[in-house]
Amino acid sequence: MNKLENKTVLITGGSKGIGAQIAQTMAKEGAKVIINYNTDKANAEKIVSRIKEFGGKAIAIQADVTNKEAVKKLFTKSKEAFGPLTTLVNNAGIYKFESIESITENEFHNHFRTNVLSVFLTIQEALKHFDKNGGNIINISSIATVKATPMTSLYTATKNAVDGITNVLSQELGTKNIRINAILPGPTQTEGNQMNEEIKSFVIANTPLATIGKTTDVAQLAVFLASNESSFITGQKIGVSGGFA
């Protein structure tokens with residue numbers, strides 16, 4: 001039996017990068033997957049097609065997860081398609097690395113709206129859709145909350161907020177049998193994070209395992225956290241960084 005048989009998983013920002021890999025890997029383990037996207041419909045539908053090609057179950061649903069009403073509709077459509085939700089993966093996020101002097105007020109609000117408000121809104125709605133058996137929340141944070149890196153102050157601030165939400169809600173929701181954990185990816189090669197040779201050299205030199213992270217590294221941990229194998233794990237922040245910390 002697959003690890004995620006009978007699980008229904010909603011992944012925000014699932015049309016590309018780490019989110020897309022999590023969607024495909026979870027579907028291979030038997031989960032019914034809802035791929036949320038905001039603007040990239042074509043890529044979201046491409047991921048759904050890939051999943052269906054190997055016999056998996058998936059749909060793509062558009063929603064701006066920084067908008068409360070849009071989030072409500074997202075969860076309603078998800079339930080109509082695949083029944084009660086068992087796992088929420090908060091993957092939607094943005095980043096822009098720049099000096100403190102360069103950060104604008106608009107960038108500040110956009111980062112916190114996308115990286116933090118979306119987490120609040122989706123968790124609030126998920127609590128209405130988990131059944132009596134409880135539920136599972138996986139927040140995608142960043143190793144930046146552990147390793148201080150220049151030019152990342154705004155991004156790191158938002159991800160520290162995500163870690164804080166994870167800590168507090170593990171205490172607040174545990175009695176309802178709702179688990180919540182955070183994954184902290186290190187530098188990972190994705191469509192949106194194409195590192196030049198200088199950055200690659202820096203990362204490898206500062207990573208004990210001397211390699212760049214892959215999206216599959218993060219996805220495999222997400223599968224474990226979504227499975228019954230991790231039923232006694234909550235409130236944890238787990239790095240997937242090859243030791244880049």
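1. Quick note on terms before we start: a residue is buried when its relative accessible area is under 20%, exposed when over 50%, and partly exposed in between, using a 1.4 Å probe and protein chains only. Helices (H or I, at least four residues) and strands (E, at least two) are DSSP runs, numbered from the N terminus. Bear in mind that this is a predicted model, in which local features need pLDDT of at least 70 and side-chain atom pairs count only at pLDDT 80 or more, while totals for chains, interfaces and linings use all residues. Residues are numbered from 1 along each chain as its sequence is written, and side-chain values use heavy atoms, with hydrogens and water left out.

2. I'd look at strand 6 (residues 178–185). Ile178, Ile180, Ala182 and Leu184 point one way, Arg179, Asn181, Ile183 and Pro185 point the other way, and all are buried. With 8 of its 8 residues buried, strand 6 is therefore largely enclosed by the rest of the structure.

3. Now the sheet: 7 strands form an open sheet in the order 3-2-1-4-5-6-7, and the pairing is parallel. Two strands pair if DSSP finds at least two bridges between them. The edges are strand 3 (57–62) and strand 7 (237–240), each pairing on one side only. From one strand to the next, the twist averages 20 degrees.

4. What are the pairings around strand 5 (residues 135–140)? Strand 5 and strand 6 pair in the parallel sense over 6 bridges, with Ile180 of strand 6 as the bridge partner of Ile137. Strand 4 (residues 87–90) and strand 5 also pair in the parallel sense, over 4 bridges; here Val89 stands opposite Ile138 in strand 5.

5. On to the helices. Axes are lines fitted to C-alpha atoms, for helices over the stretch in contact, and angles run from 0 to 180 degrees between N-to-C directions. Contact means heavy atoms within 4.5 Å. Helix 4 (residues 105–129) lies across strand 4, strand 5 and strand 6, running at about 175 degrees to strand 4. Helix 2 packs on the sheet too, touching strand 2 (32–37) and strand 3, and its direction makes about 170 degrees with that of strand 3.

6. Finally, the helix pair. Helix 1 (residues 17–28) and helix 2 (residues 41–53) pack at an angle of about 20 degrees, their axes 10 Å apart. Ala20, Ala23, Gln24 and Ala27 of helix 1 make the contact with Ile47, Arg50 and Ile51 of helix 2.
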